[in-house]
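Please read the points below alongside the model. They take up the sheet and its helices, and then the confidence of the prediction.

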Amino acid sequence: MHKALYRSYRPTTFDDVVGQKHITKTLKNQIHNDNIGHAYLFCGTRGTGKTSTAKIFSRAVNCPNSIDQEPCNECNVCNDILMDRTMDIVEIDAASNNSVDDIRELRESVKYSPTEAKYKVYIIDEVHMLSSGAFNALLKTLEEPPSYVIFILATTEPHKIPATIISRCQRFDFKRVTVKDISSRMKKICTEENVEVEEKALDLIARNSQGALRDALSILDQCMSFGDNKINYQDVIELLGTINTDQLFELSNFIIDQNTKKSLEILNELVLYGKDIRILIDELISHFRNLMVCKVSVDVDELISLPEESITQLREQAQNIDINDLIRILNILSVTQNEIKVASNPRILAEITFMKIAQPMFDESKESLIKRIENLERIIETGNIKVTNVVHEHIEDKADTIKEDIKNDISAKKEELYEEIKEEDIKLVEYSWKKILQKIKSDRKAPLYALLNEVDFFSVYSNTLHIIFDDAFKFSVNRLYSKETTEYVEKVMREIISRSFRIKLVLKSEVENIIPDIKKKKDKGEEFLRETLNEEVLEVKETRD
């Protein structure tokens, strides 16, 4: 029967453990100094070597012939542990043995001294799966175990473990294994197995393993079966369902050029070949992230785990896109990545995503607004729209001289921009208002809570937040408006949104007299346009050949 690679090549010494030097060195020093702890907590994502390190440690502390704190793996003790023939090393799967009774049984066995080994070692895998009662049952034993007992708890989710348990353990965090280390390990295994393999095929497997060496070896095992002692890049792509580097660069080029038609054609082609759209979105996020790194950093070797020729291509492509666009594209793709997990039709969602990227007017982010302004500037530079300086007192009077179709177009675009430039402070207050009200309610300020629930809208002017009510609430506003009330609301807002505003309660009928900004909202929109386009006033005229 075939034995899986991750089992055949499981590390047998500390030096064999890949990518966890900070942990293996510490454990070897503890053995050397006879400073072994009674309880350890090994944390980290799957496939990073937690259980393998625990088993090596259990042999190293018990091996009578250890060399340089490494188990010899040849003596009777080591062989018994390797072959699971000893009662002194107990491995428990907490996912299936998580009850109070299971831990009580463990506590009973702790009382008995080891039969052959020096230490009795209990390895509890996926310890976060224990029930609350089981954790409580384990707590006392973990706190004061016999001198011959060592507990090693392994988990992928340390946040689910009670603090009382964590505080009694020495915690070691296993890092994700780097692409370089995974590739190197797989190359060594391929050499021993007499399998010919392409370097970029190993890199692709390593990237798809997401830092889990065990996952990488499982993929490599599958590729070996597929390739008949030869593994090439294209075979790995077929098995993983990913897209190759050339397709990825081609698609990203069309996305950068905002060529929706070509982007959708490539998407259709990938779907026909059976590619997983979810994997495609993940690949695009990784690709544009790499472009961003190339854009902001000269030395990218530690930040991008790709072959040198791919990094060269990334640098060239990064010259054709600015940071603002990269942020905008990554934001859109990240939202899609989250939504596509539950989408009934991932293809349509991907098509909408490409449309959003190519058409910034479908997106409401700051980056999209900047992109739209840049597009407008390019149109002006080409001469399709003429911009001139005109002095006039009232834009309303001037509008009569502009052709009707152009006037309607400008009006629509202005309204778009007015909404886009809505003050961030107001957005912040609106977003946080429920939390602010909840805090007021918890402070038992019932009358104030009831009144503030009736707020009509907000405005910020001269660092004062105007909380505006309908005139029907005039009596309540007058009764509650006091220095004590405003200072309290100001304090709550500082706590919730970390901003210092002066507070003023205002009725709608008082707005225009108190807040000039409300009356001149449209003027500010025009001022924004003028500053953006470096002109005093805009007059847009049709230009014809």
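1. Which strands does helix α5 (residues 100-110) lie across? Helix α5 lies across β2, β3 and β4, and runs at about 165 degrees to β3, where axes are lines fitted to C-alpha atoms, for helices over the stretch in contact, and angles run from 0 to 180 degrees between N-to-C directions. Helices (H or I, at least four residues) and strands (E, at least two) are DSSP runs, numbered from the N terminus.

2. This is a predicted model, in which local features need pLDDT of at least 70 and side-chain atom pairs count only at pLDDT 80 or more, while totals for chains, interfaces and linings use all residues. Residues are numbered from 1 along each chain as its sequence is written, and side-chain values use heavy atoms, with hydrogens and water left out.

3. The strands β2-β3-β4-β1-β5, in that order, form an open sheet with parallel pairing; two strands pair if DSSP finds at least two bridges between them. Because β2 (89-93) and β5 (170-173) each have a single partner strand, they stand at the edges, with one side of each left without a neighbour in the sheet.

4. Between the parallel strands β3 (residues 120-125) and β4 (residues 149-155) there are five bridges, and Tyr-122 has Phe-151 in β4 as its bridge partner. Helix α2 (residues 21-32), for its part, lies across β1 and β5, at about 150 degrees to β5.

5. The pLDDT (the predictor's confidence in each residue, from 0 to 100) averages 79 over the chain, with 81% of the residues scoring at least 70. Over residues 386-399 the pLDDT is below 50, although this stretch has 22 contacts (heavy atoms within 4.5 Å) beyond near neighbours in sequence.
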